[in-house]
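Me: I am new to this structure and would like to learn how to read it. Can we go through it one feature at a time?

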Amino acid sequence: MKIIDNADLTGWNTFGMRVSCACFVEYSAAEELESLWNSGGRVAGGAASASDAASLPRPFLHIGRGSNLLFMGDFPGTVFHSDIRYIEPLARPDDMGSGDRVRVKVGAGIVWDDFCRWCASCGFWGVENLSGIPGEVGAAAVQNIGAYGVEVGDVISEVECFDCVTGSKVTFKASECRYGYRDSIFKDTAKGRYVVTSVEFSLSRVPAPKLDYGHLRAAVEAAGELTPSAVREAVLSIRSSKLPDPAETGSAGSFFKNPIVPRSDYVRVASIAGLEWGESCQVPHYDAGSGFVKIPAAWLIEHCGLKGYRIGGAAVYERQPLVIVNLTGTALPEDVLAVEEHVVKSVYDKFGIRLTPEVEHV
Ligand code: EPU
């Protein structure tokens, strides 16, 4: 276990905010967390400053790669990071024999896209549409990451956690995680209580492509073969044409959630669009059930004329306005917040819809 005082977090948040934390703890096994919480004594291998969880600076924050976070300044407490890294196919008779399903247990600290690449190379179906999403496996299970018609909750069978209240291990079935759009109990009722230590996935050996989102089918058909690798490559190529390259431009992916609104709100937006841009202006929308409709936030932001809108070093990304970028590499948290507030106000003033951030502010 690594324990570092006054650690720099610049490389630990994909926005590239130049912030630090009072203490940074990295552990490589669930047992290390257990001993940190339960021993009350020195942690084997622990460095200088702390001997048990009670003596670490508060508050506590667990991060993956910091790909869905906006640090608003230096963090006064302890940041934890999992370095639990393994990918282990579970050799159960019903899974690994001739059956269609494959169960794979994955450490929370595995980089999400490394897992997607591994699945594609094995020919396992399930996560290929989620290729290229920044972050790690543990955070993926908290956030219920989603893209191109698939959410990770669809392929998770179990989530193993450390319970910070009882100091012991606990396993949740997928149904108990209450996965919803970018949501789970780990973000909601149980926020801060559980640390994901591993995730079990249920993948398919037999073809199970999901190609109905946008232009994905056409992109895969152009590739001429239907394999998890071909879908993965098509997804990576679509992503790179729309989203900033994390190696070059800091961001936290989609900054806002796509609003799910009563159909009457959609009718209002459509009539505003008709008056302003003519009857041929179609407002994209997707049925969300129970009289609700999902409207792409990107469309609303673009139609407020905000593509490229900039304050200080932060800007609305030109190619996908759902994303706020650290354009200069030196953007301050206040710059990002100012862009966020301007976007929310503009969309509300024009369309009467209040966008909510997907990115967590810390
Ligand atoms: N659009 C515009 N203008 C633009 C871009 C998009 O009007 O400049 C409209 C178009 O109508 C387009 C629609 O927005 O059809 C949807 O755009 P896109 O397919 O790019 O997806 P999204 O709804 O903007 C969501 C996820 C992304 C995920 C994509 C692909 C959220 C908040 N975001 O974005 O997730 O990659 O779908 O499935 O749900 C992330 O969470 O960080 C993320 C990137």
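Me: Where is the place of S251?

Reply: This is a predicted model. Start by asking which element holds the residue. S251 sits in strand β13, which covers residues 250–254.

Me: Is S251 buried or exposed?

Reply: Compare the relative accessible area with the cut-off: under 20% counts as buried. S251 has a relative accessible area of 10%, so S251 is buried.

Me: How many residues does the largest nonpolar core have?

Reply: The general idea comes before the case. In soluble globular proteins, nonpolar side chains tend to be buried together. Here the largest nonpolar core has 48 residues, and F256, I295, L300, I301, V343 and L355 have the most contacts inside it. Among the elements that each supply at least two residues of this core are β2 (20–27), β5 (75–82), α7 (263–277) and α9 (333–351). The largest share, six residues, comes from α9.

Me: Why does this core lie between domain 1 and domain 3?

Reply: Check which domains give residues to it. Domain 1 (2–82) and domain 3 (250–361) both do, so the core lies between them.

Me: Which residues does L355 touch, not counting those up to four places away in sequence?

Reply: With that exclusion, L355 touches F256, K257, P259, A297, L300, I301, V343, V344 and V347. A second, separate core of 45 residues includes F115, A140, A147 and A174.

Me: How many residues surround the ligand, and which are the closest?

Reply: Read the shell, then the individual atom pairs. The ligand is surrounded by 25 residues, the closest being Y148, Y181, R182, S254 and E302. A polar backbone atom of Y148 is 2.5 Å from a ligand oxygen atom. For R182, a polar side-chain atom lies 2.8 Å from an oxygen atom of the ligand. For E302, a polar side-chain atom lies 2.6 Å from a nitrogen atom of the ligand. The ligand taken alone exposes 830 Å², of which the protein buries 82%.

Me: Which element gives the most to the shell around the ligand?

Reply: That is α8, with three residues. β8 (146–147), α6 (228–242), β13 and α8 each supply at least two residues of the shell.

Notes:
Residues numbered from 1 in each chain as written. Predicted model: local features only at pLDDT ≥ 70, side-chain atom pairs only at ≥ 80, totals over all residues. Heavy atoms only, no water. Helix = DSSP H or I, 4+ residues; strand = E, 2+ residues; numbered from the N terminus. Buried < 20%, exposed > 50% of the residue type's maximum accessible area, 1.4 Å probe, protein only. Core = buried A, V, L, I, M, F, W, Y, C linked by side-chain atoms within 4.5 Å. Domains from an automatic or database assignment. Contact = heavy atoms within 4.5 Å. Near = heavy atom within 4 Å. Polar contact = N/O pair within 3.5 Å; in protein donor to acceptor, adjacent residues only side chain to side chain. Areas by Shrake-Rupley, 256 points an atom, 1.4 Å probe, with all protein chains shown as cover.
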